[in-house]
Amino acid sequence: MSKKIRNVAIIAHVDHGKTTLVDKILYQCKLFDDHEKPGELIMDSNDLERERGITILSKNVSVSYKDFKINIIDTPGHSDFGGEVERVLNMADGVLLLVDAFEGTMPQTRFVLQKALEIGLKPIVVINKVDKPNCRPLEVQEEVFELMFNLDGTDEQLDFPTYYGSAKEGWMSDDVKKRTNDITSLLDGIIQYIPEPTVEDGTTQMRITSLDYSSYVGRIAIGKVYRGNLKANQQVAIIRKDKSVVKQVIKELFVFDGFQRKKVDEAESGEIVAIVGLENFEIGETIAHIDHPDQLDPIAVDEPTMSMLFTINNSPFYGKEGKYVTSRHIKERLEKELEKNLAMQVHDTDSADKFNVYGRGILHLSVLIENMRREGYEIQVGQPQVLYKMIGAQKCEPFEELTVDVPDEYSGTVIEMVSQRKGEMKNMIRKGERINIEFEVPSRGLIGLNNQVLTATAGEAIMNHRFIEYRPTVGPIKERQNGSLIAMESGTAIAYAVHKLQDRGKFFVAPGDNVYAGQVIGQHTREGDLVLNVTKTKKLTNMRASGSDDKVLLAPPIEFSLEDALEYIEKDEYVEITPKSIRLRKILLNENDRKRAKMKS
């Protein structure tokens with residue numbers, strides 16, 4: 001093997017600087033020519049990832065340093081993408097754990113780190129952002145040690161090297177007091193501490209851990225060669241999860257070279273490869289020697305914990321903004337998503353134009369919805385529902401660990417709000433003027449909580465949560481107290497009408513917006529729904545002209561992000577999603593139909 005290989009995955013909490021660090025490694029290893037200016041957040045190729053500052057899909061990039069080839073695998077930090085994380089870690093031989101020098105270890109970091117330690121990967125700790133004021137790198141290093149100890153790290157894993165620095169400023173050092181000019185000490189550390197891939201003797205074995213899709217060549221299988229080697233045009237056996245064996249041919253073989261894939265004739269064990277030409281394969285299946293098909297353990301993926309109903313857009317405004325509006329379009333798009341999104345499931349319902357989509361959480365499902373609306377789809381989505389499970393004779397529901405970082409004066413409010421939703425406080429740590437509170441709370445208690453906590457804390461709270469396990473169900477949880485304001489007629493919202501109705505609640509529409517009968521246009525100040533006419537204009541009289549009134553002062557409308565809207569709606573409401581708009585509506589648009597349904601229930 002001419003080049004020695006290191007396969008390393010990067011783990012970090014959202015916004016701890018992981019993608020920035022990868023950028024600096026790419027620059028350090030001269031991946032770009034001097035005239036190339038690739039910008040920042042190079043690895044977050046998807047628009048959504050750049051906007052939200054989160055990694056959703058894992059990606060591979062490789063760099064050459066000295067005479068080593070370092071394959072860097074970027075992992076998602078959010079536990080909603082657990083399906084993605086587990087597979088990716090199977091390709092690595094070690095991990096870089098990136099931690100913010102001020103915030104320290106966070107729940108999402110814990111989630112991915114736990115997976116890495118279970119697989120037996122060797123960690124290198126990178127304490128980033130030491131240039132920030134009030135940072136506490138040495139305390140954070142202690143926190144990381146405690147976390148690994150609590151996660152049952154082995155003695156070898158607990159004896160980890162630590163690097164300090166600032167990815168933004170482009171330097172790393174193994175001594176907290178000694179500032180350097182570049183990040184070569186970290187790259188040297190990767191070569192020194194991350195073990196090289198173990199090369200086992202025997203026939204070919206490779207597990208498909210990830211996939212890509214190209215409209216030219218179809219599905220592309222990605223994974224690490226565990227044993228033996230692979231060649232282009234070689235006949236191989238694909239071993240399915242049910243142990244059946246299918247014979248296929250590798251048409252083309254690629255390795256990662258920078259961001260590109262480089263076509264090769266042969267790849268040896270330890271290398272991460274992409275294979276073109278295989279058909280009907282699933283993630284977790286094994287590619288093996290045609291005469292000696294040995295199976296590797298298939299990957300177990302976390303089960304979904306939440307479901308949402310997806311249906312066609314049948315509102316009066318349907319088809320005005322989107323290209324794809326039929327149930328056939330939606331079904332095909334969901335099936336395409338299943339090919340690469342492991343933790344997602346799609347179930348048919350008794351109606352041909354409704355589908356139940358199961359996922360790991362609201363963020364996981366909202367990313368799919370956001371991608372669909374950008375691609376030109378129009379859909380309607382129902383209220384998120386948690387998935388219950390029978391364990392023995394007991395009905396169980398998913399529980400999550402919730403961490404809320406909040407200024408001292410709001411801590412009582414937050415504790416009260418979470419305990420109303422059956423949350424139990426586990427820990428409370430003071431960090432300067434802020435307090436970090438840990439709860440264990442049922443997943444359904446989290447739906448809609450984010451909005452309420454942000455309102456109650458004037459936007460100061462930072463919330464993170466991760467799935468722990470299924471536990472016996474707790475009783476009913478208090479739902480949204482306020483009813484909805486509903487449009488009586490279709491038309492254009494008029495400032496005069498909105499002004500007159502302002503004391504009834506907070507509006508989601510502004511004057512000039514088109515509305516339709518049955519659309520949810522605001523939040524009522526009280527319980528119960530209220531039907532209003534916001535399209536009413538002021539009538540002319542012989543006393544005065546309609547325009548000679550005082551200027552109308554209106555409160556700005558509340559604007560929902562997609563996740564906010566999904567968390568806000570009630571059981572009898574849908575979120576209507578089109579490429580340009582997010583609207584809330586009642587499932588039954590006609591007021592009489594709603595009254596009848598209420599009487600029946």
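Trainee: Is D593 buried, partly exposed or exposed?

Mentor: The model under discussion is predicted. Residues under 20% relative accessible area count as buried and those over 50% as exposed, with partly exposed in between. D593 has a relative accessible area of 33%. Because this value lies between the two cut-offs, D593 is partly exposed.

Trainee: Which residue forms a salt bridge with D593, and in which helix do both lie?

Mentor: The closest N and O atoms of the pair are 2.9 Å apart, and the cut-off for a salt bridge is 4 Å.

Trainee: How many salt bridges does the chain have, and which residues are linked in a network?

Mentor: By the distance rule, the count for the chain comes to 29 salt bridges. Some residues are joined in a network of such bridges. The members of this network are D529, D572, E573 and K586.

Trainee: How many residues apart in sequence are the parts tied together by R240 and E285?

Mentor: The side chains of R240 and E285 meet in a salt bridge, with 3.1 Å from N to O. R240 lies in the loop between β11 and β12, and E285 in the loop between β16 and β17, so the pair ties together parts whose separation in sequence is 45 residues.

Trainee: Are R240 and E285 buried or exposed?

Mentor: The cut-off for buried is under 20% relative accessible area. R240 stands at 18%, while E285 stands at 3%. Because each value falls under that cut-off, R240 counts as buried, and E285 also counts as buried.

Trainee: Where do the partners D100 and K129 lie?

Mentor: D100 and K129 form a salt bridge, their closest N and O atoms being 3.7 Å apart. This pair links distant parts of the chain, 29 residues apart. D100, at 1% relative accessibility, counts as buried. D100 lies in strand β4, and K129 in the loop between β5 and α5.

Trainee: How many residues of β11 are buried, and with which strands does β11 pair?

Mentor: Four of the five residues of β11 are buried, so this strand is largely enclosed by the rest of the structure. On β12, it pairs in the antiparallel sense over five bridges, and Q235 has V249 as its bridge partner. Another antiparallel pairing has four bridges, with I238 opposite I287. The partner strand in that pairing is β17.

Trainee: Which residue in the turn between β11 and β12 has a positive phi?

Mentor: The two strands form a hairpin, with five residues between them. In the turn, a phi of about 75 degrees belongs to K243.

Trainee: Which residues touch the most other members of the largest nonpolar core?

Mentor: This core holds 35 residues. L97 touches residues including I11, T109, L113 and I124. Apart from this core lies another, of 30 residues, among them I379 and F508. In the largest core, the residues that touch the most other members are L97, V144 and M148.

Trainee: What percentage of the residues of the chain count as buried?

Mentor: The chain has 601 residues, and its secondary structure comes to 15 helices and 35 strands. Its accessible surface comes to about 28,100 Å². The share of residues that count as buried is 53%.

Notes. Residues numbered from 1 in each chain as written. Predicted model: local features only at pLDDT ≥ 70, side-chain atom pairs only at ≥ 80, totals over all residues. Heavy atoms only, no water. Buried < 20%, exposed > 50% of the residue type's maximum accessible area, 1.4 Å probe, protein only. Areas by Shrake-Rupley, 256 points an atom, 1.4 Å probe, with all protein chains shown as cover. Pairing = 2+ DSSP bridges. Core = buried A, V, L, I, M, F, W, Y, C linked by side-chain atoms within 4.5 Å. Contact = heavy atoms within 4.5 Å. Lists of a residue's contacts leave out its neighbours within four places in sequence.
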